[in-house]
Amino acid sequence: MYIKEIGYSETIVGGLLSLRRISVAFSAIIMAMLAGRFGRRNALVFGLILMGIGAIGIISFKSLEIMKCMSIIFGIGQSTLMTFEAPFLYSKSTEETRVHAFSASFSARNAAFMIGAFGTGLLADFLTTYVKIDCLGIRYALYIVSAMTFVALIPLMMIEQEGHGDRLVINLEDIPKVLNKKLITFLIYTGFIGFGAGMVVPFFGVYLRYSLSIADSTVGLILAIAQMGTVVGGLTVPLLAKRFGKVDTITLVQMGSIPFLILIGVPMNIVLVTIAFFFRSSLMNMAQPLIQNVYMEIVDEQQRPLVSSLRSTVSNLARAGGIMLGGYMMANVSYGSPYVVTILCYIIGTIVFRRFFSHRDKRETSCNV
């Protein structure tokens, strides 16, 4: 939204967002290899520092070339966190507590996003009353929020670094070994969902701000309410998984989110938009802890960081493609047109996932009888 405020089009916004995703995709495997040699904690510290530098750099300059460089730096840092979260949680939890661990981590992260979205909008409106220029108000608000990235270094540095014997060394020649039918199918599913999400999710703020002509604080409030739905959904997903099984739950919530996605893409009043955002976000995103469980279960422990990086690569490449197309369609067709492509991608991806992994729920149920 800040980039749009300083005069760039939706196409440029989409290009910068997709560049960040591409940098995540191409650096994920490299960061997995480096972390295996220098330790996960040191890699995460390095990643957070890069994210902070990149976030502050993007909003500090109006030069498009510099913003592109900063987007790449941010993406490299983000790739580390995306690559090692799932393997770390999986290794630190038991089979009985694993879904709860992934759910708690997911909900805590989204609670932070919720506070950040709401706080950024309020700060932007508040600061604009003093600086009298919208883009400066948003910039100063983003400075404050971006600086919080460095605060996260404090608890991270309190985690004891693993010993050299506990580190997993990853090499490029390991990639063909993990590309079995299950993983390839999962990566195809990831690609469809990632492309669909890239079409609309990064533009939610732009869509609300310019399609409905509402204030920054209102945009922040709607996005915060949507994140609250994600937090609530993440906390309830262990109960649903116990009742229906992981695969059935993923299928139900992802398909259930589509009607609300349709409502978001149709012009309507702000109350209905807020309700649609809440349910779309809670239903579509609450599947993430279970998805992380599923793809960690289909490989051995030694392969999990590599598989996590492959998933991150595919997801972010797909999202980057979706962002570029979504930005172009919003600028040249309409703000609602990308939602059609997203809906088709979600339906196809969920069907692919369901057809291949549905037997897992049946097997787990038979084991529990």
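Biologist: Ser-312, is that one buried or exposed?
Modeller: In this predicted model, Ser-312 has a relative accessibility of 4%, and because buried means under 20%, Ser-312 counts as buried.

Biologist: Where does Ser-312 lie, and what does it touch?
Modeller: Ser-312 lies in helix H15, and once residues up to four places away in sequence are set aside, Ser-312 touches Val-24, Ala-25, Ala-28 and Met-82.

Biologist: OK, staying with H15, at what angle does H9 pack with it?
Modeller: The angle between H9 and H15 is about 30°, and their axes are 6 Å apart. Angles under 35 degrees count as roughly parallel, so H9 and H15 are roughly parallel to each other.

Biologist: And which hand does that crossing have, left or right?
Modeller: H9 passes H15 in a right-handed crossing, and the residues of this contact divide into 13 nonpolar, 8 polar and 2 charged.

Biologist: What about Lys-181, where is that found?
Modeller: Lys-181 is found in helix H9, which covers residues 181-200. With a relative accessibility of 64%, Lys-181 counts as exposed.

Biologist: How many residues apart are Lys-181 and Phe-356 in sequence?
Modeller: They are 175 residues apart in sequence, while in space Lys-181 and Phe-356 are 9.8 Å apart, C-alpha to C-alpha.

Biologist: Back to H15 then. At what angle do H14 and H15 pack?
Modeller: Helix H14 (residues 288-297) and helix H15 (residues 304-332) pack at an angle of about 130°, with 10 Å between their axes, and they are therefore oblique to each other. H14 passes H15 in a right-handed crossing.

Biologist: Which residues make that contact?
Modeller: On the H14 side the contact is made by Gln-288, Ile-291, Tyr-295 and Met-296, and on the H15 side by Arg-304, Val-307, Ser-308 and Arg-311. By class, the residues of the contact of H14 with H15 divide into 4 nonpolar, 2 polar and 2 charged.

Biologist: How do the axes of H12 and H14 cross?
Modeller: The axes of H12 and H14 come within 10 Å and cross at roughly 140°, and these two helices are therefore oblique to each other. The crossing of H12 and H14 is left-handed, whereas H14 passes H15 in a right-handed crossing.

Biologist: Who meets whom between H12 and H14?
Modeller: From H12, Lys-246, Thr-249, Ile-250 and Gln-254 meet Leu-290, Ile-291, Asn-293, Val-294 and Glu-297 in H14. The contact of H12 with H14 has 4 nonpolar, 3 polar and 2 charged residues.

Biologist: Thr-249 is in that list. Why does Thr-249 count as buried?
Modeller: Thr-249, whose place is in helix H12 (residues 246-265), has a relative accessibility of 2%, and so Thr-249 counts as buried.

Biologist: What does the side chain of Thr-249 reach?
Modeller: The side chain of Thr-249 reaches the backbone oxygen of Gly-245 at 2.7 Å. Leaving aside neighbours within four places in sequence, Thr-249 is in contact with Val-237, Leu-240, Ala-241, Phe-244 and Leu-290, and Leu-290 is also one of the H14 residues in the contact with H12.

Biologist: How many residues of H10 are buried?
Modeller: Helix H10 (residues 204-211) has 6 of its 8 residues buried, so H10 is largely enclosed by the rest of the structure. The buried residues of H10 are Phe-204, Gly-205, Val-206, Tyr-207, Leu-208 and Arg-209.

Biologist: And what about Ser-213, which follows H10?
Modeller: The phi of Ser-213 is positive, near 55°.

Biologist: Last topic, the whole chain. How many helices and strands are there?
Modeller: The protein chain has 16 helices and 0 strands, and buried residues make up 51% of its 369 residues. Among contacts in the protein chain with a separation of 6 or more, residues 24 or more positions apart account for 84%.

Conventions. Residues are numbered from 1 along each chain as its sequence is written. This is a predicted model: local features need pLDDT of at least 70, side-chain atom pairs count only at pLDDT 80 or more; totals for chains, interfaces and linings use all residues. Side-chain values use heavy atoms; hydrogens and water are left out. Helices (H or I, at least four residues) and strands (E, at least two) are DSSP runs, numbered from the N terminus. Buried means under 20% relative accessible area, exposed over 50%, partly exposed in between (1.4 Å probe, protein chains only). A polar contact is a pair of N or O atoms within 3.5 Å; within protein, one must be able to donate a hydrogen and the other to accept it, and residues adjacent in sequence count only if both atoms are side-chain atoms. Contact means heavy atoms within 4.5 Å. Axes are lines fitted to C-alpha atoms, for helices over the stretch in contact, and angles run from 0 to 180 degrees between N-to-C directions. Angles under 35 degrees count as roughly parallel, over 145 as roughly antiparallel, 65 to 115 as roughly perpendicular and the rest as oblique. A crossing is left-handed if the near helix is turned anticlockwise from the far one by less than a right angle, and right-handed if clockwise. Ala, Val, Leu, Ile, Met, Phe, Trp, Tyr, Cys and Pro count as nonpolar, Asp, Glu, Lys and Arg as charged, and the others, Gly among them, as polar.
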